[in-house]
Amino acid sequence: MRVLLTGATTPLGLELIERLLACETTEAVLTVALDEVDTSRFGRDSRLHVEHADLTRERDVRTLMKGPVKDLKIDSIVHGPLHRSARDGGRNVHAMNVESTRSLLMRLQSHSTVRRFVYRSFSEVYKLEDHLPTLIGENHPLEFSRNAPQRVRDRVESDLSVCALQGMSPCSIAVLRCAEVLAPKS
């Protein structure tokens, strides 16, 4: 397994790096982040590669996909970058939350090595109203309200961009709508 991991500087990203490197079948882990990735906790594992790129810039995505992703023969992408602050808004936040996902998706449609795309979504994309059930299933309505905060609207838009390609892409695409974790590791 050869994996590109976006969002590598987040707590989840760092945990995924650790788990991937612990797996014997992992041949390479390519992390991409705008900020510095603290790799000291992973030792000097030759399977770990770090690229600095701004996924909101098409040129950086193109360089990443035609360079390190191709050179390392990455076969899977685990994508989950989001703007760090849930309170921020605007064009740059939308670019990170939505456009980076679309850009990666378009590039992988004709990529020679990538065969799987895993998108980390959020349970926040589901609509919550009094008349709807409290147990949320896959067919639960999504939050399309224009009154929803930008972070929710961006997450729904990004999620739908990924879902629109499922079944039509040469790559296997999975969307993981994870529940939020609010407690530290025990």
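**Cysteines, then salt bridges**

Select Cys23 to begin: its relative accessibility is 28%, so Cys23 counts as partly exposed (buried is under 20% relative accessible area, exposed over 50%, partly exposed in between, with a 1.4 Å probe and protein chains only). Cys163 is also partly exposed, at 23%. The count of disulfides is zero, a disulfide being a pair of cysteine sulfur atoms within 2.5 Å.

This is a predicted model, where local features need pLDDT of at least 70 and side-chain atom pairs count only at pLDDT 80 or more, while totals for chains, interfaces and linings use all residues. Residues are numbered from 1 along each chain as its sequence is written, and side-chain values use heavy atoms, with hydrogens and water left out.

Next come the salt bridges (a side-chain nitrogen of Lys or Arg within 4 Å of a carboxyl oxygen of Asp or Glu); the count is 10.

- Select Asp45 and Arg47: their closest N and O atoms are 2.7 Å apart in a salt bridge. Asp45 is partly exposed at 22%.
- Select Glu58 and Arg107, a salt bridge at 2.9 Å, N to O. Glu58 lies in helix α2 (residues 58–66) and Arg107 in helix α4 (residues 91–108), so the pair ties together parts 49 residues apart in sequence. Helices (H or I, at least four residues) and strands (E, at least two) are DSSP runs, numbered from the N terminus.
- Select Asp159 and Arg177, which form a salt bridge at 2.8 Å, N to O. The pair links helix α5 (residues 150–165) with strand β6 (residues 172–178). Asp159 is buried at 0%, whereas Arg177 is partly exposed at 22%.
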